[in-house]
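Open the model in your viewer and keep the selection panel at hand. We will walk through it one stop at a time, and each stop tells you what to pick next.

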Amino acid sequence: MSKIHVNTTVNGDEVDFLCDPRETLLDCLRDKLQLTGSKEGCGTGDCGACSVVLDGRLVCACLVLGVEAEGKTVDTVEGIAKGQDLHPLQEKFIKYAALQCGICTPGILVATKNLLERNPNPTETEVRYWLAGNLCRCTGYDKIIRAIMDTAAEMREAG
Amino acid sequence: MALDDTKTKDFKFVGTRPERPDGVDKVTGRAKFGADMTAPGMLHGAILRSPHAHARILSIDTSKAEALKGVKAVVTRADFSTNPTFGPGLTGEPWNVLENVMAGEKALYDGHAVAAVAATSALIARDALKLIDVTYEVLDHVTDVDKAMAEGAPVIREGAADKSVPAGMHPNVVRYHDSGHGDVEAGFAEADLVLENSFKTEATHQGYIEPHACLGSLGNDGKGELWCTTQGHWYAQKMCAALLGLETSQLRVTASEIGGGFGGKTTVFIEPVALALSRKANKPVKIVMSRSEVFRATGPTASTSMDIKIGMKKDGTITAASGVFRLQGGAFPGAPCEFTAMCAFAPYALENVHQIGYDVMSNRPKQAAYRAPGSPMAAFAVESVIDDLCKELGLDPIDVRLKNASHKGTKASFGPRFDDIGLVETLEAAKAHEHYNTPLKEGQGRGISCGFWFNHGGETAVSLALSEDGTAQISVGTPDIGGSRASMALMAAEELGIPYEHIRCTVADTATLGYNEISHGSRVTYASGLATIKAAKDAVNKLCKRAAQKWGIPEDAVKWEDGCAVPSGANAGDFDPLPLAKITANMGATGGPIVGHFEATPEGAGVSFATHIVDAEVDHETGKTKIVRYTVVQDAGKAIHPTYVEGQFQGGAAQGIGWALNEEYIYGDDGRLQNAGFLDYRIPLASDLPMIDTVIVEVANPGHPYGVRGVGETSICPPLAAIANAVSAAAGVRMRELPMSPPRIVAALKAAQDG
């Protein structure tokens, strides 16, 4: 099967790759662009470990085909920190020990950053439901939720 | 193992909550997990799996797959060692692992590997699987533990039973455990109330979010490299070498960052297959499992069928207890029936106790360890009966547990006498907790349970090397499954007297250290921690020796204080303290590199107990359950990094909530797994759970220099029971089968209504 040439923007950089029409955006990010921060936990859109933002919309990269990225912008975990400066969410996740193994962390950070951009003042319940598509098996979510609520409060204060 | 050089107070670093060393890597996407590694010239592997629960493999024709463009190798059982250590049966674990990794004469469960392909792309490898032609003769199958033991059940494998099994049992019963003390019949006769009931739990999967993944490279010279996500890379080295007929030391294994294990990554599945493909293709081969492969062919824990009988006096004294525990562990021996039996009554000081365990084979995947293997199910059954006894006799559930609690000197239900343990302290903390004293709302139920786990020591080797600038690097051999590198650095900082930030802890590969047992049995902070402390002490002794040389005084006239060598007393001489960095700065000229070592098999792990409190609500119309409040109280011995201890408590509770309420392996009549994905196998979501409160109790373990007890596993022992007690109270009907999913609750309510 012949491959398709895809031009897209990932974390602000213009990139291109050749992909088989059957390959997912997640495959292309990981295998063709070496952006392995997005993880495959299920391949069926159930676990959220591959969460990325596609033209501003939070999606599971395993449910998007690579060819669909043509002409769009993709934001992944690798683009959250600016240079050596971590995003407040990243700092709080480390401080609160909001990760144990860390495999779900990239997806949860991408999803949460997207939430706070839409709703800077979410309730605990809103955070829990927003993250209902991001599975974590280690933490019981407690420290994740605390880290997010504290980050949101701090970011609101910082304006 | 009592230690002479223990330290249980005045810690400077231990007990603080610094940031973990791998934090930045893990929040930026830089951390390399199993599937994140590549190699030049790498091929992609894929595995063909049996669609049948039980079938004889009559033939495998791989010719069409081999002819597909891009396919570089196809392997079947014939490509593995024909003589792994031992043969079928209990002592032949390498043989069992081989049989599981690649089927021999029979496919034994839905998902059992039968062949594998390596190709230039993952898509071609997957396409090639469809071209492999396997002819099966489908056989009768059995997946339920009680049915697998019954007369007429299909035999999974003749001759697998060991000598412990009584005569006359079905060949699927492969191990038997019988222990206890006293006279249970006499004990039941003394009781004012005796209750007897049966319980069942379904198999649950460890459910780590990272599927198994590896990258193997092996030449025909027998030298190889393996990168994989594992809880134990020395075990992977040993097992892969056995299955491929290699010399162990010729295979170097590096553990990747691990995306969760919980016991499920304590063995090998795809690693020997990748190496076999690599040897045949003479190129590196990467294999990554799909989620459905993870569910069908790895883990899960055992399912159980249990009978419990307990007698109690009106004052709450338990007079006798007995239990029968039947565990189905898939198509191989190894279900942890002895752990289930031995843990069942461990929290209680009983004069009369008797427990029997059966390890039963069925047509399911080979069970793997899951967080305190076997213990949570036993607690579910036992603590449910205790709860009923308390209710019928009008007694407080914590008071009854306190009245019967095991303590130092108690002869445990499984034999030995307990040393210092903290069960009473967890019960007292639970009783005093605001949660326990807060009234329930209408429609809510509260449940209490205790839980017990042995904990483990195991073979351990640690090396601690000092750098010229006065910093330290620790090499440990236990993969970090929950933040253990931070704990190791804290313990080393305590001994060396240098800041936590000046220490880097690395999980070393198999070529770097002596054998390290798997990260299992809650052993890492205990055993690697003990070894880190001892290795640091070894380095400190060497530092003191250099100071003694410099000062020209005897070695024993120097001691170590706050990161400096100092004269041990007035008679030793008058010298200024010599800081660590001053000694290491010119160590090359004063005797060479300074490295501390420790290699041993520590045996003082120290058992651990927990008490959990749960409040639950049940929707009587739909059967939906909600956990409204949860508190974990557990003895950690000494919390090295309290935040990560809390994390273990919360994680165990959350997994227990999933096990209790939703998670289960569902098999159809055809013996095929019907819910091999996270949509249908529902683990707890953020929106399902409340905050999980924690109380860390610290009753020092005499077997660790700082009193550490492992904390990872005990946290999953009480939840099934505590939740069952809460849900049963809220529903008004006793739930004796897990999971307590909405259909089961609705059925139980209906049955109660119908009388």
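Domain bounds, used at several stops below, come from an automatic or database domain assignment. This is a predicted model, in which local features need pLDDT of at least 70, side-chain atom pairs count only at pLDDT 80 or more, and totals for chains, interfaces and linings use all residues. Residues are numbered from 1 along each chain as its sequence is written, while chains are lettered from A and ligands numbered from 1 in the order in which they are written.

**Stop 1: the domains of chain A**

Select residues 4-79 of chain A for domain 1, then 88-158 for domain 2. Between the C-alpha centres of these two domains of chain A lie 22 Å. Their contact draws 14 residues from domain 1 and 11 residues from domain 2 of chain A (two residues are in contact if their C-beta atoms, placed from the backbone, lie within 7 Å). Now colour strand S3 (residues 51-54) of chain A: with 3 residues, S3 gives the most to the side of domain 1 that touches domain 2. Helices (H or I, at least four residues) and strands (E, at least two) are DSSP runs, numbered from the N terminus. By class, that side of domain 1 of chain A has 7 nonpolar, 6 polar and 1 charged residues. Here Ala, Val, Leu, Ile, Met, Phe, Trp, Tyr, Cys and Pro count as nonpolar, Asp, Glu, Lys and Arg as charged, and the others, Gly among them, as polar.

**Stop 2: a helix pair in chain A**

Next, show helix H2 (residues 88-95) and helix H5 (residues 142-158) of chain A, whose axes come within 9 Å and cross at roughly 140°. Axes are lines fitted to C-alpha atoms, for helices over the stretch in contact, and angles run from 0 to 180 degrees between N-to-C directions. H2(A) and H5(A) are therefore oblique to each other; angles under 35 degrees count as roughly parallel, over 145 as roughly antiparallel, 65 to 115 as roughly perpendicular and the rest as oblique.

**Stop 3: where the chains meet**

Show both chains together: 44 residues of chain A and 42 residues of chain B form the contact. On the side of chain B that touches chain A, helix H1 (23-28) and helix H17 (642-661) each supply at least two residues. The largest share of that side, 7 residues, comes from H17(B).

**Stop 4: chain B and its domains**

For domain 2 of chain B select 41-139 + 212-288, and for domain 3 select 303-455 + 606-754. The C-alpha centres of domain 2 and domain 3 of chain B are 36 Å apart. Their contact takes 14 residues from domain 2 and 17 residues from domain 3 of chain B.

**Stop 5: a helix pair in chain B**

Finish with helix H7 (residues 233-244) and helix H8 (residues 271-281) of chain B, which pack at an angle of about 50° with their axes 9 Å apart. That makes H7(B) oblique to H8(B). Which residues meet here? B:Ala236, B:Cys240, B:Leu243 and B:Leu244 in H7(B) meet B:Glu271, B:Pro272, B:Leu275 and B:Ala276 in H8(B).
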